Every structure is written in structure tokens, then in C-alpha cells.
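Good morning, colleagues. Please have the sequence and the coordinates open before you.

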Amino acid sequence: MAEVNQQVIAERLNISCATVSRCFTNHPGINPVTRARVFQVAAEVGYVHLEARTGKQKRKGKTTFGVLICSEEEEYYRTDYQNPSERILAGVSECALLNGVKIEVHLIDPKDRNLLDPSYLRLENPRKNWDGLLLLYPFPDPIPNQLALMLPLVSLVEQFDHAGIDCVDVDHYKGISAAVEHLVEHGHKRIGFFTRTYAVEASWSFRRYSAFMEKMVRLRLPVSPKDVINIFPSPEQEMEASIEYAAERVRAGVTAWVCAADHQAYELVRGLAKRGIDVPGMVSVTGFDGIEAPADCPELSTIQIPFREIGATGTQRLVERVRKRFGSAQHVLIDCRLNPGGTVGPAPKKK
């Protein structure tokens, strides 16, 4: 098997080896987005920068953060949807550069649920080589708790119960509230909630569902359990079955769906179209993320998450945690905004 080196990364991204090298040495002339893409490809091909790979003693005063991304490779590297982690990593790398911090990115298989599993064994002694740790996306229990005992830890776009874990996330309630208000302004009253299942339980989806229910209660709008898809106690279904059921609920009177994430919403828009249900003519759909629309879909009415700001804020918080190891943990919620698109229209009139 050929050695994985910086040339492989350079060829994947069609950039020079010098640019790749400068990304790993925090050269100030490198664009943060370029650096983020280099780190993403490095995680994909399993490349670790030589200084960490050889196990050499870190230079005195040199700070290094590990970044672990819990995602299936097929999901993480799919090209039909924009990956928010690219923008998160851009914020991470930008803040790391300003603070003189090196970062090392690894992709973690969600099926690995023990620190002795392959994804974690490849990390090569993080307690020795890293000063702090950033987690992206949900991780299976008890991994976050175990990692928090080893290193100062900040979680990005996911909240954990462990008292020692800091978190930087979006304000889920404010975002969902804006989406529901946008639908109500267009005359919608029969609004359902749509999500999907994941390899690791997506607690962010539950938070958005909780925000949805709270907002609906505040507006005195009833929600039928039949209009909630893939949230307990409703049965978990594969995507095609979920879309088929959503179509049935539209025929039963649902005029709008609030989706827990943009990629879910785009799948729903496509699936409804295949079943002869026009969006937004027959039903409206909102998302949550603010990713770019696929070529075959209209721009989604969604909640724009400032992913880059989340990455930068989380990295700055980790810098502070490293400097003050015994300070109390913090949960920071970043503001978000509604981005009106082409998937919300007036509620259809009852026949």
C-alpha cells in the first residue's frame, strides 16, 4: 500500500505540496477555508503530520489541539450536499492560527464505542500529543465522558451532560421559533415535524423537536402525534418509508413540515415531488442549517447557522480551558437567523 503523504492531499485538492505543508505549520498566508479542506482530506486518507506521527516531544510552548469528527465516511464525504464541517473547520483553523495553535483532524467511525476500538487506537496517545480536544457532531456514550477525563474538551454543535465538557452550539429554540413563525405568517396551522435516524443518536434533532413543540404550544397550535416522523414514540423508518408517510400526512391535511436539518428537508422535497406533491404549492418545507441547495432543488427556507463562528468560538474557549484547567464548564449558544427561500408559500385553502 502506497505511503500516505502530503503529495496525496495536494493532488486531491489540486494545490501545491508547499500549500499543504504550510497548512500543517499554521503559515499565516493560508486561507482558513483552504486549511480546513486540507485537514478534511488528511482525515479522509489517514494522514497525520510528521511531528505528531513520530511521537517526538512537542516543542516547549507549542500547543496542539485534536479535532475528532464522528461520522460515517460515506455520509461525511457525500458530494450531493454541502458539509457544514468545512465551515466549522475554517473557523477552528482561523482561531487556531491567531492563537499559535496547531490542529490535527481525525474522522471517527460512529460504530466505534470504546477507546480500544480502531478509530481511537489510531490517535496515538492523545494525552501526550495534544493539549486539548474539540469534538464535532454527536459521539456515542460513554466516549465523551472518557475523553473529558483525559484532556480539556469542547464540543461543537452538540451538547453533552458531563459536567466537565464545554459546548458551543446554535440557539435551537430561536431558530425553530423563527421557522414556525414564518410558516404561521403564511397561514399554516397544521404543521408537522420531520427528522431521520442516525448511526449515533442525534440529540440536536431532539432539541429542535422540543423547541418545535414549545413554540407550537406558545402559539396554541395543536400537534397530532401522527404528524411527527421518526421521534419517539412514533416508529423509526428508513428515509423512503418516512417520505411516503409524510406524503400520506399531506393528503390528510398537513400543510407544512419543519425538518430538523437541511439535508432531510431536501430529501423530503425531492421525495414529495416524485409523488406528485408540489413544494411550496401543496405543502411548505423548512430546514435548519443553511447549506447550499443541490442543483435539482429550490433554495430552502431555512435557519442559517453561523458554523464558522461556532468553530472559532469553540477553539477560543478551548484555549481558555487549557490556560485555566479548573474553571467551570460553559455552554455557549450562538445566534442564528431565518433565510427565507423558495420552499414556503401560502397554506393551501381547504377544499
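I begin with E236, which sits in the loop between β7 (228-229) and α12 (239-251). Helices (H or I, at least four residues) and strands (E, at least two) are DSSP runs, numbered from the N terminus. This is a predicted model, in which local features need pLDDT of at least 70 and side-chain atom pairs count only at pLDDT 80 or more, while totals for chains, interfaces and linings use all residues. Residues are numbered from 1 along each chain as its sequence is written, and side-chain values use heavy atoms, with hydrogens and water left out.

E236 has a relative accessible area of 64% and is therefore exposed. The classes are as follows: buried means under 20% relative accessible area, exposed over 50%, and partly exposed in between (1.4 Å probe, protein chains only).

D141 returns in the backbone geometry. The peptide bond from D141 to P142 is cis, with omega near 0 degrees, and P142 belongs to the loop between β3 (132-136) and α9 (143-148). Y137 is found in the loop between β3 and α9 as well. Although Y137 is not a glycine, it has a positive phi of about 80 degrees; with a relative accessible area of 18%, Y137 is buried.

Two further backbone features deserve mention. V157, in the loop between β4 (153-156) and β5, is not a glycine but has a positive phi of about 55 degrees. V157 is buried, its relative accessible area being 12%. A cis peptide bond also runs from V279 to P280, with omega near 10 degrees, and P280 lies in the loop between α13 (262-274) and β9.

I turn now to salt bridges. A salt bridge is a side-chain nitrogen of Lys or Arg within 4 Å of a carboxyl oxygen of Asp or Glu, and by this rule the count comes to 15. In one of them, the side chains of R321 and D166 meet at 2.3 Å, N to O. R321 lies in helix α14 (residues 307-323) and D166 in strand β5 (residues 165-170), so the pair ties together parts 155 residues apart in sequence. Both R321 and D166 are buried.

A network of salt bridges links D166 and R321 with R317 and E320. Between E320 and R317, the closest N and O atoms are 3.4 Å apart. Because E320 and R317 are 3 residues apart in helix α14, about one helical turn separates them. E320 is partly exposed at 36% relative accessibility, whereas R317 is buried at 11%.

R208 forms another bridge, with D289, the closest N and O atoms being 4.0 Å apart. R208 is in helix α11 (residues 203-218) and D289 in the loop between β9 (284-286) and β10 (302-304), so this pair ties together parts 81 residues apart in sequence. R208 is buried, with 5% relative accessible area, and D289 is buried at 9%.

Finally, the aromatic rings. Rings of Phe, Tyr and Trp (its six-membered ring) pair if their centres lie within 6.5 Å; planes under 30 degrees apart count as stacked, over 60 as edge-to-face and the rest as tilted. By this rule there are 4 aromatic pairs. Why is the pair of F194 and W257 edge-to-face? The ring centres of F194 and W257 are 6.4 Å apart and the planes stand at 75 degrees, so the pair is edge-to-face. This pair links distant parts of the chain, with F194 in strand β6 (residues 191-194) and W257 in strand β8 (residues 256-259), 63 residues apart. F194 is buried at 0% relative accessibility, and W257 is buried at 0%. Ring pairs also link F193, Y209 and F212 into a cluster.
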